[in-house]
Amino acid sequence: MLIRKLRIDKGWSQETLAEVSGLSVRTIQRLERGDKASLETLTALAAVFEVDVPTLSTEAPMYTPNELSKEERRAIRYVRDLKAFYSHAATYAVVIFGLFVINLFTGITTPWFIWPMLGWGVGVAAHGLSVFEVMSLFSPDWEKREIEKRLERTRRD
């Protein structure tokens with residue numbers, strides 16, 4: 001995570017870091033996933049980031065919750081929600097395409113794949129509307145109000 005944090009702080013892509021360090025993109029990806037680095041790799045990265053090798057060999061979190069502002073926490077949450085939506089949409093597309101192919105090659109003339117496509121499609125659409133805040137039934141303000149209600153009930157009891 002430290003390598004990723006240093007790379008992002010410099011505004012570099014993985015490809016740029018690979019180019020300036022003389023390492024492969026695959027090596028950079030492996031390291032950012034948490035794999036161990038050789039001394040040679042650490043030396044190359046330390047030179048690029050202008051830090052010493054021991055600094056890179058100790059694992060540090062990319063961020064700690066205490067040092068994040070409210071806006072940063074909100075941005076992190078949004079990106080996680082966005083990632084979940086894209087994953088959901090991609091899974092939907094692959095599965096529905098698979099069902100279409102099965103329907104096509106089984107010789108059944110009724111397009112039965114439409115029913116799961118419509119049902120699940122409503123869920124994907126609702127997920128998208130929520131993530132992109134077009135329609136937000138459960139906004140952060142709603143969450144805050146509900147938490148306050150729950151705490152008030154607990155205090156009364």
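Predicted model: local features only at pLDDT ≥ 70, side-chain atom pairs only at ≥ 80, totals over all residues.
At 54% relative accessibility, Asp9 counts as exposed, because the cut-off for that label is over 50% relative accessible area. Asp9 is joined by a salt bridge to Lys5, with the closest N and O atoms 3.2 Å apart. The two residues are 4 residues apart in helix α1, so about one helical turn separates them. Lys5 itself is partly exposed, because its relative accessible area is 27%, a value between the 20% and 50% limits.

The structure holds 4 salt bridges in total. In general, side chains of opposite charge can pair when their charged atoms come close. Another such pair is found in helix α8 (residues 140-156), where Arg155 and Glu152 lie 3 residues apart, about one turn of the helix. Their closest N and O atoms are 3.5 Å apart. Arg155 counts as exposed at 60% relative accessibility, whereas Glu152 is partly exposed at 37%.

A further salt bridge brings together the side chains of Glu32 and Arg7, at 2.5 Å from N to O. This pair links distant parts of the chain, since Glu32 belongs to helix α3 and Arg7 to helix α1, 25 residues apart. Both Glu32 and Arg7 are buried.

Attention now turns to the nonpolar interior. In soluble globular proteins, nonpolar side chains tend to be buried together. Here the largest nonpolar core has 14 residues, and those touching the most other members are Ile3, Leu6, Leu17, Ile28, Leu45, Phe49 and Leu56. Helices α1 (2-10), α2 (14-21), α3 (25-32) and α4 (39-49) each supply at least two residues of this core, and α4 gives the most, with 5 residues. Among the buried residues of α4 are Leu42, Leu45, Val48 and Phe49, and their cover includes α1, α2, α3 and α5 (53-57). Just after α4, Glu50 takes a positive phi of about 60 degrees.

Leu17 shows how these parts meet: leaving aside residues up to four places away in sequence, Leu17 touches Ile3, Arg7, Trp12, Ile28, Leu45, Val48 and Phe49. A second, separate core of 6 residues includes Leu82, Phe85, Tyr92 and Val131.

Tyr78, Val79, Tyr86, Leu129, Phe132 and Val134 make a nonpolar surface patch of about 560 Å². Helix α6 (residues 70-105) gives the most to this patch, with 3 residues. Leu129, another patch member, lies in helix α7 (residues 114-131) and counts as partly exposed at 32% relative accessibility.

Note on methods: Residues numbered from 1 in each chain as written. Heavy atoms only, no water. Patch = residues over 30% accessible without salt bridge, like charges linked within 9 Å, V, L, I, M, F, W, Y side chains within 5 Å. Areas by Shrake-Rupley, 256 points an atom, 1.4 Å probe, with all protein chains shown as cover. Buried < 20%, exposed > 50% of the residue type's maximum accessible area, 1.4 Å probe, protein only. Core = buried A, V, L, I, M, F, W, Y, C linked by side-chain atoms within 4.5 Å. Contact = heavy atoms within 4.5 Å.
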